[in-house]
Every structure is written in structure tokens, then in C-alpha cells.
Amino acid sequence: MKSGIRHMMRRPVMAIIYFCTLTNVLYTVLTRESHWVPVMGLWLIVTIALLFLLYRGLQKNVGIQRTLARRDRTIILQRNELETLAKRVRRTFIELREMQSQLIQAEKMAALAQLTAGIAHELNNPINFIMGGVQGLKTQLDFVSANEEMKQKLENIPAIAEMLGDMELFANAIEAGAVRSAKIVEELVNFSFQDNQYLSYVNLRSYLDSVLILLGGHLGDRIKVYKNFGTIPMVECNIGEINQVFVNVLMNAIQAIQDVGDITVTTCVQKSGFVNVIIRDSGCGIPDAIAERIFDPFFTTREVGKGTGLGLYISYKIIQNHHGHIFFNSEPGKGTEFTISIPVTRDERHPGIIDSDKDLRNLFQCPRWRPKC
Ligand SMILES: Nc1ncnc2c1ncn2[C@@H]1O[C@H](COP(=O)(O)OP(=O)(O)OP(=O)(O)O)[C@@H](O)[C@H]1O
Ligand SMILES: [Mg+2]
């Protein structure tokens, strides 16, 4: 109503006419002049015209208000749509960043495997030479010690007798070194022989061996590794990815040990058809304050440039893809124990797949921390 009057008042000419006639009417009525009837008639006409204008104004205003309300609704709808779109873009961006990081990690592992295979191949030749040479030397020494006449002659020269004794020791040492090198090369080949696309039944213990050998340089003399390998069945998995998990968890364990310490790697079978690989370190432990975040992508406590914070996130994703579980127990200042639990087979009908709360409780045996799903 108010806005209608305002609308009408916007027409000053009409307002002036109205007030003039109103004054006229009042004047003629009060002074009882004889021509009050036409004046009243005129006043009535002007009032009706003004009421009509007022009505039109009101109508127009209601129309405008309706249009504005419609526009408001459209704007709210569009804003909601934009917010949804922005959320989707943000999510896609995060997903892309994660995928990119996973690709980089996968690339790194593939490059590492390729490099390992190359090194192993290159090392095989010289190791064969060393083995061949040592065998030849040992055959010669055996020949000398088997030939009594020659042995007598040589033993008469004390310097040569001593030299022969040393030579035997050296040959044995070289042979032991060459055998160990050959074993390392074999493990390296084992590690690098990964088909990243397909599932296959593998012996996790031998792959753990390979990974430990590969990380030998990081372990050095300061970290003692104890292998507590219980008998486990072959496990159906993508070994390239599982190796990546072993490397990530073991590297974290190594990095958690400041000075000297030990790492124990245990393998065992779970009742519900799962194989467990438990990696325990005597490192700094994980403070409660960060325990819930260590599986988050890009969460790291390492110095800038030293860690991407993706190791555990990627490991979690890999284990999840294998229908397995990864969790940890940690005591700050004493150490951490990570458990990687993988079903023996991916066959959906196999009991390896957890299908009840009871199974889950059996499996986890009350771990303190598990990643959020
Ligand atoms: N065994 C452990 N002992 C103590 N802290 C650990 C252990 N494992 C993980 N952490 C903590 O969890 C964080 C996240 O680990 P994650 O492997 O995801 O990333 P990162 O090791 O920091 O970096 P990246 O593995 O990408 O090089 C680490 O920064 C560390 O603080
Ligand atoms: Mg790490």
C-alpha cells in the first residue's frame, strides 16, 4: 500500500490537482457557496482517477516484487549449483593430485625395478668371473695338496708353504664373498621381476628378503634386522604393489631409528585366511597427536623436501585394493609395529574375505590405530 502511494506521489501533477480540488471542496463546503455540487463532482472524478492510478501502481509493484522474488530464487539456485560445482572441482583437483602422486610413486618403483634389473645383469658377469677364477685357484691348490711329492718340495720352502696357506684362506674368503654377491644379485632380479598388472601367487617371504637386501644400504651397521618368518602359504597379489608397501613401511621404520636399533619382520597366518606381515621397529614411535593423520595424503613430519607424506597413504590404498588391512600400534619413545594383513586369495568365496564383525575382531586383535575408511 505504502509503495502504491509512493508510486502515485511520483506523479506530482496529479498530486497538485488532487490537493487543489480537495482544498476547493473544503472551501465550498465550509463557506456554503452555491457551486459546491460541480466542485464535488470534479473532486470525485479526480479521486477515482487517483484511486485507479493507485491500484495500477499497486498492481505493478506486486508484479515487480514477484519478478524480484523469482530472480532471488533463481540466484539462490544458481549459487547452490555454483557451490556444488566448486566442490566437485575441488574434489576432482584433489583426486587428480593424488593420482598424479600415485603415478609418480608407481613410476619411481618401476624405474627402481628397471635400474635394479640392469645393475643385477651388469653384476652377474664380473661375479661369474670371480667365481670361475676362485674355482680355478682352489682346483690348483687342491691339486698341490693332493700331490704329495710337490707338497713336500714346497713345504721345504717355508715362505711358499705360508703363502699357500694364506692363498687357501683368501680363496675361501673370495668365494664366500662371491657367493653372497651372487645371492644378492639373485634377490635383486627377484625384486625387479614384477608384473605390475596381474595378480599372481607369490611367496611373500622371498620378496621381503629381496626388499631387505635392497634396503641394506639404509640399514648399514646401525640397524639389526631380525627375521621371524613363520610358514605362510603363497598369497595371491600384485607383487609389484605389495613390494612398494614393504619398501614404504620398512623405510619409515629405518627413518624412525635415530641412532642404533632393530627391526623385526614377522610373517604368520591368520585364522581367517589372511597372511600377516608385521614390521616392528625400536624407533621414536608415533605421538598420539599425529597418530590419526599418518595415513592422510601429504601428511609428513619430515623436513621440507625429505618426505612427500604419501608413503603410507599409497600403501593403505594398495592394501585396500587387495581387500587387506594395514594398521599399527605405537608407543612413543619405544617403537612402532605395523601389521599388513592380506587375504591368501582374492576369490570372493574364500574365507579370506572378512564378512562378519567377529572375523574383523579376530583379525585386528584390538589395534590402536586403523586408517579412516
Ligand atoms: N615407523 C614409524 N615410526 C615413527 N613415525 C612414523 C613411522 N611410520 C610413519 N611415521 C610417521 O608418519 C608420517 C607419514 O608417513 P609416510 O610414509 O606417509 O610419509 P613420509 O615418510 O613422511 O614421506 P614419504 O614416505 O612420502 O617419503 C611420517 O612423516 C612419520 O611422522
Ligand atoms: Mg614414508
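This tour moves through a predicted model, from the ligand to its surroundings and then to a helical stretch of the chain.

Begin by selecting ligand 1, and display the pocket around it: ligand 1 sits in the largest pocket. Next, select the shell of 19 residues around the ligand; those that come nearest are Asn 252, Thr 300, Thr 301, Thr 308 and Leu 312.

Now turn to individual contacts. Select Thr 301, where an N or O atom of the side chain is 2.4 Å from an oxygen atom of ligand 1. Select Asp 281 as well: a polar atom of its side chain lies 3.0 Å from a nitrogen atom of the ligand. Taken alone, the ligand exposes 600 Å², of which the protein buries 91%.

Switch to a cartoon view and select α8 (239–256), α10 (311–321) and β7 (335–343), each of which supplies at least two residues of the shell.

Finally, select residues 12–30 and 36–55, which an unreviewed UniProt entry lists under "transmembrane region". Residues 36–55 are 100% helix and 0% strand, with their end C-alpha atoms 28 Å apart.

Note on methods. Residues numbered from 1 in each chain as written. Chains lettered and ligands numbered in written order. Predicted model: local features only at pLDDT ≥ 70, side-chain atom pairs only at ≥ 80, totals over all residues. Heavy atoms only, no water. Near = heavy atom within 4 Å. Polar contact = N/O pair within 3.5 Å; in protein donor to acceptor, adjacent residues only side chain to side chain. Areas by Shrake-Rupley, 256 points an atom, 1.4 Å probe, with all protein chains shown as cover. 1 Å grid on protein atoms, 1.4 Å probe; cavity = no way out; pocket = protein on both sides within 12 Å on 5 of 7 lines; lining within 4 Å. Sits in = over half its atoms within 2 Å of the grid points. Helix = DSSP H or I, 4+ residues; strand = E, 2+ residues; numbered from the N terminus. UniProt positions renumbered as here; feature names shortened; annotations may be inferred.
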